[in-house]
Amino acid sequence: MSPKPVRGPLKYLLIGLGCLAVAAATIGVFMPLIPTVPFLLLATFCFSRSSARMQVWLYNNRLLGPYLRNYLERKGLTKRQLISSLVSMWVGMSIAILIAPVVAVKWGLVAIGVAVSIHLIRMKRLLPGEVD
């Protein structure tokens, strides 16, 4: 079942947020500490409720589409993508944990990092040629 599209100012707010998420995901393709897939999922969420045309564009985008399709269709990750994701996530998490002023926040970041790591490790492994 498709989500109900929104109208009015909220529609434009979601389109704007989706575009910002696409920009962040694009930066994430080239900068190892910026995650790509979470921003693509946010953009997909925003576009699914505001602009079917933007959602189709994102899904079929030459640069970002393969990341999104591989995740959404549960195709999986290559070993290189897994290692890159885990290393970049834990480098970023380590920095955040070091600068977090509250111990509860530090433990929360560790819990999130462990949960995301488990999720990524449990995903199917692809051979390098299997990626779109």
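1. Confidence along the chain. In this predicted model, confidence is lowest in strand 1 (residues 77-78), with a mean of 78, and highest in helix 3 (residues 52-60), at 93. The score in question is pLDDT, the predictor's confidence in each residue, from 0 to 100. Over the chain the mean pLDDT is 85, and 93% of the residues reach 70 or more. Helices (H or I, at least four residues) and strands (E, at least two) are DSSP runs, numbered from the N terminus.

2. Basis of the values. Residues are numbered from 1 along each chain as its sequence is written, and side-chain values use heavy atoms, with hydrogens and water left out. As the model is predicted, local features need pLDDT of at least 70 and side-chain atom pairs count only at pLDDT 80 or more, whereas totals for chains, interfaces and linings use all residues.

3. The main core. Eleven residues make up the largest nonpolar core: Y71, L77, L82, L86, M89, M93, I97, A100, L109, L120 and M123. Such a core is a set of buried Ala, Val, Leu, Ile, Met, Phe, Trp, Tyr and Cys residues joined through side-chain atoms within 4.5 Å; buried means under 20% relative accessible area, exposed over 50%, and partly exposed in between (1.4 Å probe, protein chains only). Helix 5 and helix 6 (103-122) each supply at least two residues of this core. Five residues, the largest share, come from helix 5. Apart from this core lies another, of ten residues, including A25, L40, A43 and F47.

4. Contact here means heavy atoms within 4.5 Å, and residues up to four places away in sequence are not counted. On these terms L82 touches L77, L120, I121 and R125. S117, found in helix 6, touches L86, M89 and W90. S117 counts as buried because its relative accessible area is 9%.

5. A nonpolar surface patch. I83, V87, V91, I95, L98 and I99 form a nonpolar patch on the surface, with about 590 Å² of accessible area together. In general, nonpolar side chains in soluble globular proteins tend to be buried together. I99 lies in helix 5 (residues 79-99) and V87 is found in helix 5 as well. Is I99 buried or exposed? I99 counts as exposed because its relative accessibility is 64%. V87, with a relative accessible area of 49%, is therefore partly exposed. The C-alpha atoms of V87 and W107 are separated by 19 Å, and these residues are 20 apart along the chain.

Definitions and conventions: Patch = residues over 30% accessible without salt bridge, like charges linked within 9 Å, V, L, I, M, F, W, Y side chains within 5 Å. Areas by Shrake-Rupley, 256 points an atom, 1.4 Å probe, with all protein chains shown as cover. Salt bridge = Lys/Arg side-chain N within 4 Å of Asp/Glu carboxyl O.
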